[in-house]
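Me: Hi! Could you walk me through some ring pairs and a helix packing in this structure?

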Amino acid sequence: MLRNREIKMFLLVMGSISLAAIAAAFMISSVAAALVFLLSIMLIGSSMIYTRWRYRELEKLTVYLKEISNGNDSLSLDFRDNQEGELSILKNDIYKVTRMLSEHRSLLQRDKLQLTDAISDISHQLKTPLTSMTVMADLLSAPDLPSAKRTEFTHHIRIQLERIDWLVSSLLKLSKMDAKTIQFKKDPIPMKNLIQKALEPVMIPMDIKGQTVTIDGDDNVTFVGDFNWTAEAVINILKNGVEHTPEGGTITITFSENALFTEIIIADNGKGISKEDLPYIFKRFYKGKNASEGSIGIGLAMAHSIISSQNGVIDVTSDSGKGTQFRIKFYKHVI
């Protein structure tokens with residue numbers, strides 16, 4: 001501590017003042033000079049003790065900051081106190097800043113792990129179609145391959161390419177939603193128009209399986225949101241229903257509106273979802289027990305993200321062997 005320039009200046013000033021006071025007191029009497037000398041020693045000593053304590057507190061804060069800068073997020077050293085004074089205020093402010101930095105570091109670490117998992121999942125999903133196309137491409141190079149087989153392999157390669165294109169497109173959309181870079185429109189949308197738009201891509205698969213669709217709702221029901229994105233969410237839910245509903249099955253769509261929210265219910269009488277799978281069906285790349293062989297496990301995750309981004313919630317109830325019901329609510333006010 002004595003190496004500090006401030007301490008040397010303090011001792012020099014205090015010593016000079018003390019010597020001057022002792023000299024002035026000695027002119028009065030030796031007893032007065034001795035008394036001034038003792039008081040000067042006590043004053044300088046107490047000042048040095050207090051200064052030493054403050055330096056120790058600052059040294060602790062320095063160690064604390066080094067721990068944080070070295071990545072120690074345990075924050076076991078909590079210097080906050082409820083005392084008054086500049087040092088106490090400094091302690092509390094440093095703790096708040098370091099706590100905020102620790103939380104940011106944790107968020108970055110979590111995002112890093114999510115990115116690693118996403119890359120792993122994408123690699124796994126792309127590996128299967130790429131391997132299949134590689135094998136078929138090798139077979140196509142055979143000069144004695146029959147024309148019918150050549151046509152079949154070419155058709156399968158096209159299907160796999162379409163699957164990869166859909167997967168990449170879906171992942172790009174999900175990444176944009178995760179990054180909050182998509183600006184969802186807030187337009188008044190008639191629910192009837194939304195349902196008609198969402199049914200268009202699934203009408204042919206439903207006709208092939210002989211399925212029927214029932215729609216029930218007031219034509220005046222509306223909600224505020226993004227028409228195209230919401231239609232994509234509903235399409236993914238409908239595709240899931242068509243996929244898991246047997247031939248001749250039924251899909252029911254009902255919608256209604258009240259003072260709090262607009263609701264859509266999409267129900268089917270298909271295979272249903274097992275209780276073990278229900279908590280995870282909106283998780284990206286999750287495939288339940290009843291999932292088809294070509295299922296990727298991304299459609300319902302996308303639907304959940306789209307709806308959640310528009311002040312909405314989606315719930316699912318299901319009985320194995322009896323069917324599944326998706327209930328979507330778009331709230332009119334933030335809850």
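**Aromatic pairs and a helix crossing**

Reply: Happy to! This is a predicted model. To begin, Phe184 is buried, and Trp229 is buried too.

Me: What is the geometry of the pair formed by Phe184 and Trp229?

Reply: The ring centres of Phe184 and Trp229 are 5.8 Å apart, and the planes meet at 65°. Planes over 60 degrees apart count as edge-to-face. The pair is therefore edge-to-face.

Me: How many residues apart in sequence are the parts that this pair ties together?

Reply: Phe184 sits in the loop between helix 4 (147–178) and strand 1 (187–190), while Trp229 belongs to helix 7 (residues 227–244). The pair therefore ties together parts whose separation in sequence is 45 residues.

Me: Are Phe282 and Phe326 buried or exposed?

Reply: Phe282 and Phe326 form an edge-to-face pair, 6.4 Å centre to centre with 65° between the planes. Phe282 comes from the loop between strand 5 (261–268) and helix 8 (299–308), and Phe326 from strand 7 (residues 323–331). As for accessibility, Phe282 and Phe326 are both buried.

Me: Is helix 5 parallel or oblique to helix 7?

Reply: Helix 5 (residues 191–199) packs on helix 7 with the axes 8 Å apart and at an angle of about 55°. Because of that angle, helix 5 is oblique to helix 7.

Conventions. Residues are numbered from 1 along each chain as its sequence is written. This is a predicted model: local features need pLDDT of at least 70, side-chain atom pairs count only at pLDDT 80 or more; totals for chains, interfaces and linings use all residues. Side-chain values use heavy atoms; hydrogens and water are left out. Rings of Phe, Tyr and Trp (its six-membered ring) pair if their centres lie within 6.5 Å; planes under 30 degrees apart count as stacked, over 60 as edge-to-face and the rest as tilted. Helices (H or I, at least four residues) and strands (E, at least two) are DSSP runs, numbered from the N terminus. Buried means under 20% relative accessible area, exposed over 50%, partly exposed in between (1.4 Å probe, protein chains only). Axes are lines fitted to C-alpha atoms, for helices over the stretch in contact, and angles run from 0 to 180 degrees between N-to-C directions. Angles under 35 degrees count as roughly parallel, over 145 as roughly antiparallel, 65 to 115 as roughly perpendicular and the rest as oblique.
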